[in-house]
Amino acid sequence: MQLEEFKNVMVFIEQREGEIQKVSFELLGKGRELADKLGVKLKGVIVGNKVNKLAEDVIAYGADEAIVVDNELLDIYATNPYTKALSEVINGEKPEIFLIGATTIGRDIAPRVAARVETGLTADCTSLEIDDESNDLLMTRPAFGGNLMATIICPEHRPQMSSVRPGVIPMPSRVDGKKGDITPWEVTLTDEDMDIEIIEIVKEEKEKVNIEDANVLVSGGRGLGSKKNFEELEKLAQILDGEVSASRGVVDAGWVDAARQVGQTGKTVRPNLYIACGISGAIQHVAGMEESDFIIAINKNPKAAIFERADIGIVGDVNKILPALINELDK
């Protein structure tokens, strides 16, 4: 492999039903930063059907070029055809860095693409930087259950490929009127590539929860004691115009839906205000909320690890403090 043949930074632009996912915009922001440091171009690659209209958004959020793979057989995501399309673009363009969101689609397709283009993949990264001496990509991710952070490099293969969890990187600003190239990319798909047939799509009807976008999160842990006590969190969240979130222990206990889980195996959030109620502060949970602007922690254990991250700490029984707090706010 001739490493000098590889140049530029590329981001996979994930779209669902013609709507670009937020993590792709986040990655364009980080990709722009990496490309500027390396002195190269930033390219976004869109795969789907009738997705040409999305190219302008890709340019507006920082890309120098939007590569569009538009094919009617790519209308609905399927592993094999998407893998083939994306691999062909990478082999043709030869980017030195390739970024993809660690979503359900990203987790499915990223390792397959990495295998086809014969490179490595660092999954679930929380930080991406360029080494000042070697210009290699430093890919940092939690390891050993979140007990330490490992920085990984890929010095002998290209592209340097990383998947990044949604919410880890700040959302960049949109620049309307920004100029860039829009390049169509033809890919040949046959019946052999379509190894599955999608007969029907069934969508579960439930309240849509997106804790990543909330400005205020009231988060509960097992210290609340029971599912019934979560009602107080909902009252407080309503008063503060926020959302309820939770630790993994609470989700595993079935008290709340997994869509509300914060942490290494849940979602990464960065609200203006994060209120941790009965949460001990395990590193796996902290990894998902430590970038919050202001953190308030309530815990009866004065030595709880969460207090090390909190701007304000309240030591006491959360089930007594919450009703008192709600009463004061109601006044």
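This is a predicted model: local features need pLDDT of at least 70, side-chain atom pairs count only at pLDDT 80 or more; totals for chains, interfaces and linings use all residues.
**View 1. Overall fold of the protein chain, with eight helices and 17 strands.** The radius of gyration of the protein chain is 22 Å, close to the 20 Å that the globule rule gives for 331 residues, so the chain is as compact as a globular protein of that length. Taken along the principal axes, the box filled by the C-alpha atoms is roughly 65 × 50 × 40 Å. Of the 331 residues in the protein chain, 49% are buried, and among contacts between residues at least 6 apart in sequence, 64% join residues at least 24 apart.

View 2. Asp193 counts as buried because its relative accessibility is 11%, which falls under the 20% limit. The side chain of Asp193 makes a polar contact with the side chain of Lys84, at 3.0 Å. When residues up to four places away in sequence are not counted, Asp193 touches Asn80, Pro81 and Thr188 as well as Lys84.

**View 3. The second largest pocket, with a volume of about 420 Å³.** This pocket is lined by 23 residues, of which Thr126, Ser127, Val168, Arg270 and Glu291 are the closest to its centre. At least two lining residues are supplied by each of α1 (22-38), β8 (127-130) and α7 (283-286), and the largest share, four residues, comes from α1. Sorted by class, the lining of the second largest pocket comprises ten nonpolar, five polar and eight charged residues.

Definitions and conventions:
Residues are numbered from 1 along each chain as its sequence is written. Side-chain values use heavy atoms; hydrogens and water are left out. Buried means under 20% relative accessible area, exposed over 50%, partly exposed in between (1.4 Å probe, protein chains only). A polar contact is a pair of N or O atoms within 3.5 Å; within protein, one must be able to donate a hydrogen and the other to accept it, and residues adjacent in sequence count only if both atoms are side-chain atoms. Contact means heavy atoms within 4.5 Å. On a 1 Å grid over the protein atoms alone, a cavity is a set of points where a 1.4 Å probe fits but cannot get out, and a pocket is an open set with protein on both sides within 12 Å along at least five of seven lines; lining residues have an atom within 4 Å of a point. Grid points are joined across faces, edges and corners, and a volume is the space filled by probe spheres set on the points. Ala, Val, Leu, Ile, Met, Phe, Trp, Tyr, Cys and Pro count as nonpolar, Asp, Glu, Lys and Arg as charged, and the others, Gly among them, as polar. The radius of gyration is taken over C-alpha atoms; the globule rule is 2.2 Å times the number of residues to the power 0.38.
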